[in-house]
Amino acid sequence: MLASGFTIAEIRDAVRSEARVRAHLIWQAVARGLTAARTPLTATLADEAKALVRTLLHEHSGDLQRHLSSAHELTSIGNPDRASDLIAPALDRVNNEIDYALLSASGEIESRSADSVVNVYQSQGIVQTGAHSIANLSVGFGEDEKRQLAEALDLARQSLDSQPDRDSPERGQALVLVSEAEAEIQEAQPNLLKLRSMLSGIAATVQTLGASRAALEALKAAGALLGLDLP
């Protein structure tokens with residue numbers, strides 16, 4: 001009788017443990033589905049998730065009930081346990097997990113809604129605070145900026161012209177970029193994205209070829225006018 005009692009206790013523990021595993025796996029599958037669909041967890045979805053986990057767990061607990069019934073038939077000790085009673089703690093545990101997930105999602109949404117949006121109107125430099133804050137940089141590009149960029153491009157051309165390896169393909173390509181950038185800044189509305197790209201290429205080549213330090217510093221300063229942080 002004592003051995004049979006221990007056996008029943010072990011089977012009950014095994015059923016509770018298996019129920020916890022199954023309930024957790026069901027909830028994880030639901031959570032992955034929400035993540036894949038990029039659907040934030042809301043109170044309504046949380047209630048639906050709890051109901052879904054409960055329904056699926058009960059639907060897939062028939063084998064657990066059979067194990068319990070078989071154990072009681074063999075031992076004839078007390079009344080047969082119901083699987084639904086033993087899996088209740090597993091459902092409570094998953095419900096708590098879902099509640100915590102909802103709190104986490106709600107806190108994240110509130111944090112995002114409280115984040116600031118900062119508009120910065122300046123030629124260079126920007127400060128951004130907050131994990132989800134947004135900073136919009138508006139670059140002013142007038143005659144002074146055009147003049148400074150033109151001077152930097154002129155220094156870059158002189159530096160590239162003074163390179164001993166006149167046949168270097170990198171040197172030739174950089175000079176083409178210099179000419180294209182000079183033409184672009186003469187436009188009524190220069191394409192700043194194009195200028196940033198060209199300036200990056202010119203500065204990289206000047207640095208690689210070990211050309212004039214003054215030219216590189218001038219390019220960095222000109223890049224800052226375009227919101228470009230050159231290394």
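What share of the contacts in the chain with a separation of 6 or more comes from residues 24 or more positions apart? The share is 63%, where contact means heavy atoms within 4.5 Å.

## Model and overall fold

This is a predicted model, in which local features need pLDDT of at least 70, side-chain atom pairs count only at pLDDT 80 or more, and totals for chains, interfaces and linings use all residues. Residues are numbered from 1 along each chain as its sequence is written, and side-chain values use heavy atoms, leaving out hydrogens and water.

The chain holds 9 helices and 2 strands. These are DSSP runs numbered from the N terminus (helices: H or I, at least four residues; strands: E, at least two). Their order along the sequence is α-α-α-α-α-β-β-α-α-α-α. Of the 231 residues, 32% are buried, that is, under 20% relative accessible area with a 1.4 Å probe, protein chains only.

## H6 against H8

Helix H6 (residues 143-161) packs on helix H8 (residues 192-208) at about 35°, with axes 11 Å apart. Axes are lines fitted to C-alpha atoms over the stretch in contact, and angles run from 0 to 180 degrees between N-to-C directions.

From H6, Leu149, Leu153, Ala156 and Leu160 take part; they meet Leu195, Leu199, Ile202, Thr205 and Val206 of H8.

## Thr205

Thr205 sits in helix H8. Thr205 is buried, at 15% relative accessible area. Beyond residues up to four places away in sequence, Thr205 touches Leu160, Glu170, Arg171 and Ala174. A polar atom of the Thr205 side chain lies 3.0 Å from the backbone oxygen of Gly201.

Terms used. Buried < 20%, exposed > 50% of the residue type's maximum accessible area, 1.4 Å probe, protein only. Polar contact = N/O pair within 3.5 Å; in protein donor to acceptor, adjacent residues only side chain to side chain.
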